[in-house]
Structure formats: C-alpha cells, structure tokens
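Please keep the sequence and the structure at hand while reading.

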Amino acid sequence: SKELGKNQVQYYSHDFHSKMQKRIELENELKLAIDQDEFKLFYQPQVDAKTESLVGVEALIRWEHKQRGLLLPDDFIPLAEESHLIVDIGRWVINKACEQFSYWSKLPQAENVTFTIAVNLSAKQLKDNGLAKYLADCMAAYGLAGKYIELELTESSLEDSFEAIEMLHELSKTGVRLALDDFGMGYSSLSQLKKFPFEILKIDKYFVQDPGEIDSGLLAAICAFAHSLGYETVAEGIETQEQKEACKALNVDRLQGFLFAKPMPAEELKNNWLTH
Ligand code: C2E
Ligand code: CA
Ligand code: CA
Ligand code: CA
C-alpha cells in the first residue's frame, strides 16, 4: 500500500542517515588517531621457501579504537583514502616501521638474522609529492639502508599515469625495493608491467588457496611468468601444508601465511622469531 511505501522510504532514509553519521564520526576520530597514538603496526613473518627461516616481515596497520576495539585496515583504510588522511597515516606507518626495524636490527639476537621489512602503500600516497624525501629522511634518521625496506602497492589500485610511475621511480631511487601486491587480481595487461619499477611480485592468495587453481596450472603459469621476467616471488595466504608444497615445487622464493604465523605485535615477533 501507499502507507507501507512511505514507511519504507522513511526507514531507508533513517538507515542512510545513521550510516552517514557513523562515517562522519569515524572520519573525525580518524583525524585524531595519530595524535592520540591509537595506530599500531602488527608484523607477519615471511620465510624463505627452501630453509623456512625468517627473511622478511610485513607491517600491517591496526587501529586500537577506544570504543570499538581493534579495527582492521579494511574498516578504516578506504575511508582514510577517500578523505586524504591516508597521506599522514601512510607517513606514520613508514616512520614507525623504520623505527621498529632499526630497533630489531640492533638486538644481539638479530645479529645473524637478515630480514627485510615490507610496508604497504596506498596508491593515493603516490600523489604525496614529498613522499620519497620523507622516506629518505626516515631511513637516514634510523640509519637504515634501502635494501632492508620494501614498499608494496596493490595491483588493482595502480594508475598507469605518468605521475604515479614517476613517483615509483623516485621511491626506488632511495634504494628500497618495490613489490606488486595481490598480483594476478587486477592489472589487465601483463605487457604493461615492465613500465613499473617492481622487483617483487606477491602472488595473491586467491591463486594459492583455491585447489582448483593449483590443479589447473594457473598458479604454475603465474610463477613461470614471474620468474622468466626476473621477478622475485612471494606467495601469500599459505594456510596448509599442501599449499606450501605446491609453492615450493613451483620455486616461489618466499612464503607468507597463517601456516607460519599470523600478524602479531612487535614484542611477540621479537620473542618468537628473533631468537638464535
Ligand atoms: P595485504 O597487503 O594483501 O595483506 C595481507 C592480508 O592477508 C592481511 O590482512 C593479513 O592479515 C592477511 N593474511 C595473511 N596471511 C593470511 C592467510 O594465511 N590467510 C588469510 N585468509 N589471510 C591472511 P589485514 O592485516 O587485514 O590487511 C588487509 C589489507 O589492508 C592489506 O592486504 C593491505 O592492502 C591493507 N593494509 C594493511 N596495512 C596497511 C597500511 O599500513 N597501509 C595501507 N595503505 N594499507 C594497509
Ligand atoms: Ca601487502
Ligand atoms: Ca596481498
Ligand atoms: Ca589484499
């Protein structure tokens, strides 16, 4: 009836209104989160496929929200990207990761451990003109050589624009290495890949986790492609022995996933992974 229709509209607009309200609230809180020291980096180990020893960690952001608890990146990174807060948050991440890595590398038990730290960048950060200088300043402040740092950009977010490619080159000139994240899920043309200064391809968990993909040879094809073009490879999302063995058999260089460890606070990484 007409009556019901009206109620539905009211219900819908009320729902929409409260969603907007929440979004505005979250955005305002996000603006304060850096100053209030509410972000935290978790770290997930990456192991060498042959020796299964630690060769890298990926920094993954968390937000310790006073009311809502521990928020995952999917809960706030999209909003940070839309509101451009990602520029400051992204800089905070770079600085924190450098500081943490520098602390670890000075520990006596880390003496014989050589590993890298990977930081996720949003494609929106490539519009931050001071980014490469900021990164270089952080590296200098903590005394870190570029070879210890990797920057990950997701394939689907990358813009094939002159400015984006320029910034990627500027970043790689600081000596850090660039990794293409979620490889296989986004970028349409493989022939375009060489335009970008990536050295590492992170094979998306979709190809690693679906047994159908393993059987169909898609994973094998992606690995062969990556290696033939000289990329180093990292397989992410490894949860089972079977997935691990499949990646090893395909000569993937590094492995990452819950089978080895979930992302964890810095202290836990130190206690469980940085021992002789
Ligand atoms: P990503 O870069 O692809 O990171 C891998 C995600 O997969 C992480 O989720 C990680 O916890 C999860 N993961 C790791 N191993 C496994 C596994 O074996 N199985 C499954 N099912 N999942 C696994 P997380 O931490 O929730 O991060 C989600 C995404 O948020 C990241 O995806 C990355 O794109 C983005 N992100 C994280 N930290 C940052 C950051 O500091 N800055 C920016 N711009 N984005 C970030
Ligand atoms: Ca990543
Ligand atoms: Ca990924
Ligand atoms: Ca992802």
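Helices, as the word is used here, are DSSP runs (H or I) of at least four residues, and they are numbered from the N terminus. The model is a predicted one, and what follows should be read with that in mind.

## Helix H9 and the residue after it

Helix H9 spans residues 241–249, and its buried residues are Gln243, Lys244, Ala246 and Cys247. Because these residues cover an arc of only 165° around the axis, they lie on the same side of H9. The face turned away from that buried side carries the exposed residues Glu242 and Ala249. An α-helix has 3.6 residues a turn, so residues three or four places apart point the same way.

Beyond the helix, the backbone at Asn251, which follows H9, has a positive phi, near 60°.

## Helix H10 and its packing

In helix H10, which runs over residues 266–273, the buried residues are Ala266, Leu269 and Lys270. Seen down the axis of H10, they fall within an arc of 100°, so they line one face of the helix.

Which elements do the buried residues of H10 pack against? Their partners are strand E1 (39–48), strand E2 (54–65), helix H3 (86–105) and strand E10 (264–265).

## The second largest pocket

Two of these partners, E1 and H3, together with H10, each supply at least two residues of the lining of the second largest pocket. The largest share, 4 residues, comes from E1. This pocket holds about 180 Å³ of space, and the residues that line it include Phe39, Tyr43, Trp92, Lys96, Ala266 and Glu267.

## The largest pocket

The largest pocket contains about 1,200 Å³ of space. It is lined by 45 residues, of which Leu60, Pro73, Asp74, Asn120 and Asp181 are the closest to its centre. The lining of the largest pocket is made up of 18 nonpolar, 12 polar and 15 charged residues.

Asp182 belongs to strand E6, which covers residues 177–183.

Conventions:
Residues numbered from 1 in each chain as written. Chains lettered and ligands numbered in written order. Predicted model: local features only at pLDDT ≥ 70, side-chain atom pairs only at ≥ 80, totals over all residues. Heavy atoms only, no water. Buried < 20%, exposed > 50% of the residue type's maximum accessible area, 1.4 Å probe, protein only. Arc of directions from axis to C-beta. Contact = heavy atoms within 4.5 Å. 1 Å grid on protein atoms, 1.4 Å probe; cavity = no way out; pocket = protein on both sides within 12 Å on 5 of 7 lines; lining within 4 Å. Points joined across faces, edges and corners; volume = space filled by probe spheres on them. Nonpolar A, V, L, I, M, F, W, Y, C, P; charged D, E, K, R; others polar.
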